[in-house]
Amino acid sequence: MSKYPSKITYSLLPLLSALLLAISWLYYDLLVFIALLPLFYFLKKCANKSEKSIVVFSMLYLTYILFNAISSFWIVNANTNGFLGIVVLNSVVLALPWIIYWFYLKSRNSKYSFLVLILSWLSVEFLHNKWDLGFPMYSLGNFLNDTIEIIQFYEFTGLRGGTLLILITNYVIFLGLTSYKQYKAYIISFTLILLSLFSWSIYRFQSYEEKENPISVAVLHTFADVYTFKYNLSDTQLLKFYLESLKKMPGNIDLFILPETAFPNMRWVEDLHINSTLSNLNSWLLENDIASVISGSILNELYYGESSDPAGTKYIENTNQFYYTYNSSFLLNAKNNLLRYRHKKYLVPFEETIPFSSKLSFLQELIPSLGNFKFAYKETNSNVFEFKSGKYIGNLICFESLFFDLYREMSNKGVGLFSIILNEGWYYNTNLTGAKSFHKIAKIKAIEFRKPILRSSNQGISSTINQRGQVINLTSTNKNNLLLDNVNYNTKATFYSIFGDFLGLVSLILLPLILVKTKKIKTL
């Protein structure tokens, strides 16, 4: 009889990890340093009891289903299918390192087991940035987003360094609680290393000085309800709505930022040079002594290829013409009468696009609500904007702000700051939980690349962030608001920007080598 309560107790351990991870993400980031302890206990118990793998897999999967459901509940307001996709599919990805670790632990139980977990985890996070179902928000290193003083080393390692640190800390605490005498020397050594790293990071945070190179910026925060207001107005009416809410501008502003899809009806790329909204906006910029504006828009572009059914296009009724629809941003330089635009590269799976559309396009017919907007991706895509003579900015559109590769690509093209434009009204009535989640990531990216970040949101959180990851100015009001600031332009590349996600790449190379090597040792 006594074995059943015991089994129930240790079976609940993974669910405790799920709750600790969710609390860490939503409220208290430092809790992540102990959040994985219940899982280590659970897997040790399972190994000792020779538990069936199907039971272990089910519990690991359930752990991350619970975590994703709690941490991502806000997505329901935007798209139920998107929420289910995150919960069902992302949970598989997040559980995968543990599954690899369990197989290794069960079949070999060697001294390399924890190394295999580390390499698996870093490899999976690395690859999760590289495919159509990528959703890297919950990479473990992203959890340390409030206590930014201790993650200043991210300029060298990126968030993958945080993932490594969290994994080792959890495991060392686990060893300290279960086998302290056996691993005493290792535990003490790691504790000293951890304290040294945190001390250096805090010192770096306090002593880091931005080189004076001020850019005057104006970031517009808007409150245009996406369900009842925004998409019922013309672009001309929306421009009036935005500008009427502003007090007299101070003038001599280098850069003015508006949110994602601020102008959803700009229509054809081919006609932008005669677009009346852009003409009116250009005149306003000149009147208020503003050099450049960056804004979100939805643009269409005709397809001129020869395919009878080109992927990612829409069909114009009663014609033989297809066209692309893009979630775009544009830069308008009033003084030089210069217009540039780029299209969103990373699209939201199941909402903006159908993942692996060439293979899974049939899902659109089976579940019409999938890929409501069906935005297209363009291979040839300008990624940086010259907003002032010799000065460049990288602009990211909402979901794109989760992906390291795009920041690095822009940084290596010589940008000195980033802007992120968002339309967060789709999940507004969730106490800004979704907006807060995206805002956490922006602080980390500012540290990784040592560049200021300007965030302009509709119905979410707008802010300016400095090179240390500190929020300088922030608003989340339910009315239009303007943030005026000076940020320091910085083109100097960080170690992380130059060498990229080396921890993830090296792990991906080493993992199969370790598996093969230990297999050979086992069979000797």
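This note goes through selected features of the structure, which is a predicted model.

1. Salt bridges overall. The structure holds 13 salt bridges.

2. Arginine 160 and glutamate 125. Arginine 160 belongs to helix H8 (residues 159-178) and glutamate 125 to helix H6 (residues 113-127), so the pair, 35 residues apart, links distant parts of the chain. Arginine 160 has a relative accessibility of 2% and therefore counts as buried. Glutamate 125, at 6%, is buried because its value lies under the 20% limit.

3. Arginine 160 and aspartate 501. Arginine 160 and aspartate 501 are both buried.

4. Lysine 445 and glutamate 448. These side chains meet in a salt bridge with an N to O distance of 3.0 Å. Both residues lie in helix H15 (residues 433-449), three residues apart, or about one turn of the helix. An α-helix has 3.6 residues a turn, so residues three or four places apart point the same way. Lysine 445 and glutamate 448 are both buried. Elsewhere, salt bridges with shared partners join Glu125, Arg160 and Asp501 into one network.

5. Nonpolar surface patch. Which residues form the nonpolar patch on the surface? They are Phe156, Trp200, Tyr203, Phe495, Ile498 and Phe499, and together they have about 620 Å² of accessible area. Helix H9 (180-207) and helix H16 (495-499) are the elements that each give two or more residues to this patch. H16 provides the largest share, three residues.

6. Tryptophan 200 and serine 199. Tryptophan 200 is found in helix H9. Its relative accessibility is 35%, so tryptophan 200 counts as partly exposed. Serine 199 lies in helix H9 as well. At 48% relative accessibility, serine 199 is also partly exposed, because the value falls between the 20% and 50% limits. The C-alpha atoms of serine 199 and isoleucine 150 are 7.8 Å apart in space, while the two residues are 49 apart in sequence.

7. Tyrosine 27. Is tyrosine 27 buried or exposed? It has a relative accessible area of 64% and is therefore exposed, since exposed means over 50%. Tyrosine 27 is found in the loop between helix H2 (13-26) and helix H3 (37-48). Its C-alpha atom is separated by 9.1 Å from that of aspartate 146, a residue 119 places away along the chain.

8. Helix H3. At 1.5 Å a residue, the twelve residues of H3 should span 16 Å, and the 17 Å between the end C-alpha atoms agrees with this. The buried residues in H3 include Leu37, Pro38, Leu39, Phe40, Phe42, Leu43 and Cys46. Just after H3, serine 50 takes a positive phi of about 55°.

9. Cysteines. How many disulfides does the structure hold? The number is zero. Cysteine 46 has 1% relative accessibility and so counts as buried. Cysteine 398 counts as buried too, with 10% relative accessibility.

10. Asparagine 68. This residue is found in helix H4 (residues 53-71). Asparagine 68 has a relative accessible area of 0% and is therefore buried. Leaving aside residues up to four places away in sequence, asparagine 68 touches Phe73, Phe83, Ile86, Val87, Asn90, Ser91, Leu94 and Tyr138.

Technical notes
Residues numbered from 1 in each chain as written. Predicted model: local features only at pLDDT ≥ 70, side-chain atom pairs only at ≥ 80, totals over all residues. Heavy atoms only, no water. Helix = DSSP H or I, 4+ residues; strand = E, 2+ residues; numbered from the N terminus. Buried < 20%, exposed > 50% of the residue type's maximum accessible area, 1.4 Å probe, protein only. Expected span 1.5 Å × (residues − 1). Patch = residues over 30% accessible without salt bridge, like charges linked within 9 Å, V, L, I, M, F, W, Y side chains within 5 Å. Areas by Shrake-Rupley, 256 points an atom, 1.4 Å probe, with all protein chains shown as cover. Salt bridge = Lys/Arg side-chain N within 4 Å of Asp/Glu carboxyl O. Disulfide = S-S within 2.5 Å. Contact = heavy atoms within 4.5 Å.
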